[in-house]
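Open your viewer and get ready to click along. We will go from one selection to the next, with a short note on what to look for at each stop.

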Amino acid sequence: MRLLVIEDDPDLNRQLATALTDAGYVVDRAFDGEEGHYLGETEPYDAVILDIGLPKMDGISVLESWRRAGRAMPVLILTARDRWSDKVQGFDAGADDYVAKPFHLEEVLARIRALLRRSAGHAKSELICGTVRLDTRTGRVTIDGNPVKLTSHEYRLLSYLMHHAGRVVSRTELVEHLYDQDFDRDSNTIEVFVGRIRKKLGVDIIQTVRGLGYLLTPLDAR
Ligand code: CA
C-alpha cells in the first residue's frame, strides 16, 4: 500500500513517514500544498494524510481540487485542535476521516488501516482467503493458524492482493502501489516476489491471469 503524507512541519512529517514505513507502507512525502496536490493528482495512492494548514495551497483547496478532478483515494485530514470548522470544511471538501493535533501516531495508524480496508470493501481488520489469514493490525500472516514469515515487501504484495481479492490486479498496478516515486520500477520483479510468496504459503491462492495480472479468489470469505 502506497501512502502520501502532506505536512509542512518537518518533524511531524518525518514522524508520520517513519511510523507508516515501520507499519509496512510505502510512503511519499510532500511539505507544501502545491507539491502535495501535484503528487496526489498524478500518482495512484491508496490513502493520503493531508494537513489543513499548508504553505502555497491550503489542505482544503488541495482536497477540493482532487475531488473535482475525480481523484477518489481515501483522505485523512490533520486538523488543529479546537478548530471544529476545519473538520466541517474538510468533510464537505471530501475528507474521509480526521485526526486533531496533537495526536498519537497509533491513532493515525489505526485510522489509516480502517480507511484502507473500507475503501477495498472490508469491514474487518483480519483478511481471510481460504486457510490464509492476514491481520492488518499486527502484520501477521498465518496458514491454518501457523505463522508464516514474510519479508516486508512480500507482506506488502500479499496484503495488496488480499485487500483486492476477487478482481484481477495488473503488474503495473502492483508496481505503482508497492514502490515509492524514487524507486527504479521493474514489473518483472513482481513475478519473482509472487513466486516467493507462493512458495512460502505452500497453498496456491494467487492465480496468474495470463496477460492481465494476478487474481486472488476470496474462498471462504467469512
Ligand atoms: Ca501545518
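In which sense do E3 and E4 pair, and over how many bridges? They pair in the parallel sense, over 4 bridges. Helices (H or I, at least four residues) and strands (E, at least two) are DSSP runs, numbered from the N terminus, and two strands pair if DSSP finds at least two bridges between them.

Before going further, a word on the model: it is predicted, so local features need pLDDT of at least 70 and side-chain atom pairs count only at pLDDT 80 or more, while totals for chains, interfaces and linings use all residues. Residues are numbered from 1 along each chain as its sequence is written, and side-chain values use heavy atoms, with hydrogens and water left out.

**Stop 1: strand E3**

Select residues 47-51, which make up E3. This strand is mostly covered, with 5 of its 5 residues buried; buried means under 20% relative accessible area, exposed over 50%, and partly exposed in between (1.4 Å probe, protein chains only). Show the side chains: Ala47, Ile49 and Asp51 point one way, and Val48 and Leu50 point the other way.

Leu3 has Ala47 of E3 as its bridge partner. Turning to E4, look for Leu78, the bridge partner of Asp51.

**Stop 2: the calcium ion**

Keep Asp51 selected and bring up the calcium ion. Its protein donors are Asp8 (OD), Asp51 (OD) and Gly53 (O), at 2.2 to 2.4 Å. Donors are N, O and S atoms within 2.8 Å of the metal (3.2 Å for Na, K and Ca); water is not among the atoms, so sites may look incomplete. Along the chain, these donors follow the spacing D-x42-D-x1-G.

Is Asp51 buried or exposed? Asp51 is buried, with a relative accessible area of 4%, whereas Gly53 is partly exposed at 46%.

**Stop 3**

Go to the loop between strand E4 (75-79) and helix H4 (84-93), and select Ala80. Ala80 counts as partly exposed, at 36% relative accessibility. Leaving aside neighbours within four places in sequence, Ala80 is in contact with Asp86 and Lys101; contact means heavy atoms within 4.5 Å. For a distance to check, Ala80 and Asp96 are 16 residues apart in sequence and 17 Å apart in space, C-alpha to C-alpha.

Next, select His37 in helix H2 (residues 33-42). His37 is buried, with a relative accessible area of 13%. Not counting residues up to four places away in sequence, His37 touches Met57, Val62, Ser65 and Trp66.

**Stop 4: the sheet of 4 strands**

Select E6 to E9, an open sheet in the order E6-E7-E8-E9 with antiparallel pairing. Its edge strands are E6 (126-129) and E9 (146-148), each pairing on one side only. The twist averages 30° from one strand to the next; axes are lines fitted to C-alpha atoms, for helices over the stretch in contact, and angles run from 0 to 180 degrees between N-to-C directions.

E6 and E7 (residues 132-135) are joined by 4 bridges in the antiparallel sense, and Glu126 stands opposite Asp135 in E7.

**Stop 5: H8 and its neighbours**

Which helix axes come within 10 Å and cross at roughly 90°? Those of H6 and H8 do, and these two helices are therefore roughly perpendicular to each other (65 to 115 degrees; under 35 counts as roughly parallel, over 145 as roughly antiparallel and the rest as oblique). On the H6 side, select His153, Glu154, Leu157 and Leu158; among the residues they meet in H8 are Phe193 and Ile197.

Helix H7 (residues 171-178) also approaches H8 (residues 188-201): their axes come within 9 Å and cross at roughly 85°. Arg171, Leu174, Val175 and Leu178 in H7 meet Asn188, Ile190 and Glu191 in H8.

**Last stop: the sheet of 3 strands**

Finish with the open sheet in the order E10-E12-E11, which has antiparallel pairing. E10 (168-169) and E11 (206-209) are its edge strands. E11 and E12 (residues 213-216) pair over 4 bridges, with Leu215 as the bridge partner of Gln207. H8 lies across E11 and E12, running at about 145° to E11.
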